[in-house]
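Here is a friendly briefing to read alongside the model. Please have the viewer open as you go through it.

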Amino acid sequence: MNISFEGKVALVTGAASGLGLAAAKAFAESGASVALADWNENAARAAADELNARGHKAIGIRCNVADDAEVEAMVSRTVETFGRLDAAYNNAGVQNVLAETADTTREDYDRVMGVNLQGVWSCMKFELQHMRKQASGAIVNCSSLGGLVGGAERGIYHAAKHGIHGFTKSAALEYGTRGIRVNAICPGLIWTPMVDQMVTDGQGDALKAMEKSIPMGRVGRPEEIANAVLWLCSDAASYVTGQSISVDGGFVMR
Ligand SMILES: NC(=O)c1ccc[n+]([C@@H]2O[C@H](COP(=O)([O-])OP(=O)(O)OC[C@H]3O[C@@H](n4cnc5c(N)ncnc54)[C@H](O)[C@@H]3O)[C@@H](O)[C@H]2O)c1
């Protein structure tokens, strides 16, 4: 993608796999120094090492986004290492255990909300503390097509992803005149290790049926989400804030 992040610093959570890894690579290839954060520390470090070996600037950071102290430390380490924070992609997320609402557990509710909603709130909070001082920055939160429609047996995941829009719009209102933009992205079905896991868990037929109803007739690629994230974080999107952009082959049109 022809967008330059030369001299800029990007932070990506859930950066060891799938959409986060693709975005971290795209930021690095566009010239940014990149902090790759993930609770899988070894994988985050390995991905950062690979980027550094290819001449980019990257660090791998262990961070569980459901833990405020770890999130605060992740943002501080990024700023201490690279001097500033220009772009943040709050991407880390997990699936819920499939269950109809009457059978869902408090444990699964707390686990999924802790990562998918509280984690995004916590990342925004500490990122914005630095961006507010700089009076500049762009944040993209990872929602989902599940943040726009309901999903049987997926209520906890969909509720968390719906909640992201509330945080995104509210922060966009707060910081609109202070040089900071906040948007969300709603990926459709994108082939990543998370989707591999859904197949392993017996959801292969449901995913095939879903694929058939995608207007563009195919599953998406992680790079297609990364392109949208980079655009939203770039000056090319300088008048875009508080929006939720679907990148889903047209899935939520009907
Ligand atoms: N793949 C899809 O079809 C799809 C569709 C819509 C939305 N999404 C969303 O995109 C995001 C990325 O999904 P993916 O498909 O790349 O999944 P993935 O499982 O391939 O990658 C998720 C990454 O997040 C990390 N992670 C999980 N919990 C964490 C935590 N508490 N703290 C830090 N890191 C944590 C994992 O270790 C992993 O590296 C998620 O928020 C997901 O809900 C994915």
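Predicted model: local features only at pLDDT ≥ 70, side-chain atom pairs only at ≥ 80, totals over all residues.

Residues are numbered from 1 along each chain as its sequence is written, and side-chain values use heavy atoms, with hydrogens and water left out.

**The ligand and its shell**

- The shell around the ligand holds 28 residues, and Ser 17, Asp 38, Asn 91, Tyr 157 and Thr 192 come nearest; a residue is near a molecule if one of its heavy atoms lies within 4 Å of it.
- By class, this shell has 16 nonpolar, 10 polar and 2 charged residues. Here Ala, Val, Leu, Ile, Met, Phe, Trp, Tyr, Cys and Pro count as nonpolar, Asp, Glu, Lys and Arg as charged, and the others, Gly among them, as polar.
- A polar backbone atom of Leu 19 is 2.8 Å from an oxygen atom of the ligand, and a polar backbone atom of Cys 63 is 3.3 Å from a ligand nitrogen atom.
- Asn 64 brings a polar side-chain atom to 2.8 Å from a nitrogen atom of the ligand.
- The ligand exposes 830 Å² when taken alone, and the protein buries 92% of that (Shrake-Rupley areas with a 1.4 Å probe).
- Two or more shell residues come from each of α1 (18-29), α6 (155-175) and α7 (193-212), with α7 giving the most, 3 residues. Helices (H or I, at least four residues) and strands (E, at least two) are DSSP runs, numbered from the N terminus.

**Asn 64**

- Asn 64 sits in the loop between β3 (57-62) and α3.
- Asn 64 counts as buried because its relative accessibility is 18%; buried means under 20% relative accessible area, exposed over 50%, and partly exposed in between (1.4 Å probe, protein chains only).
- The Asn 64 side chain reaches the backbone nitrogen of Ala 66 at 3.0 Å.
- Beyond residues up to four places away in sequence, Asn 64 touches Trp 39, Glu 70 and Val 71; contact means heavy atoms within 4.5 Å.

**Asn 90**

- Strand β4 (residues 87-90) includes Asn 90, which counts as buried because its relative accessibility is 1%.
- The side chains of Asn 90 and Glu 127 make a polar contact at 3.0 Å. A polar contact is a pair of N or O atoms within 3.5 Å; within protein, one must be able to donate a hydrogen and the other to accept it, and residues adjacent in sequence count only if both atoms are side-chain atoms.
- Other residues that Asn 90 touches include Val 120, Cys 123, Ile 139 and Cys 142.

**Leu 85**

- Leu 85 is found in the loop between α3 (68-82) and β4, and its 0% relative accessibility is why it counts as buried.
- Among the contacts of Leu 85 are Val 9, Leu 11, Val 79, Glu 127 and Met 131.

**Helix α8**

- Helix α8 (residues 222-233) has 12 residues, so at 1.5 Å a residue it should span 16 Å, and its end C-alpha atoms, 17 Å apart, agree with that. The expected span is 1.5 Å times one less than the number of residues.
- Buried residues of α8 include Pro 222, Ile 225, Val 229 and Leu 232.
- These buried residues pack against α1, β4, β5 (137-142), β6 (180-187) and β7 (244-247).
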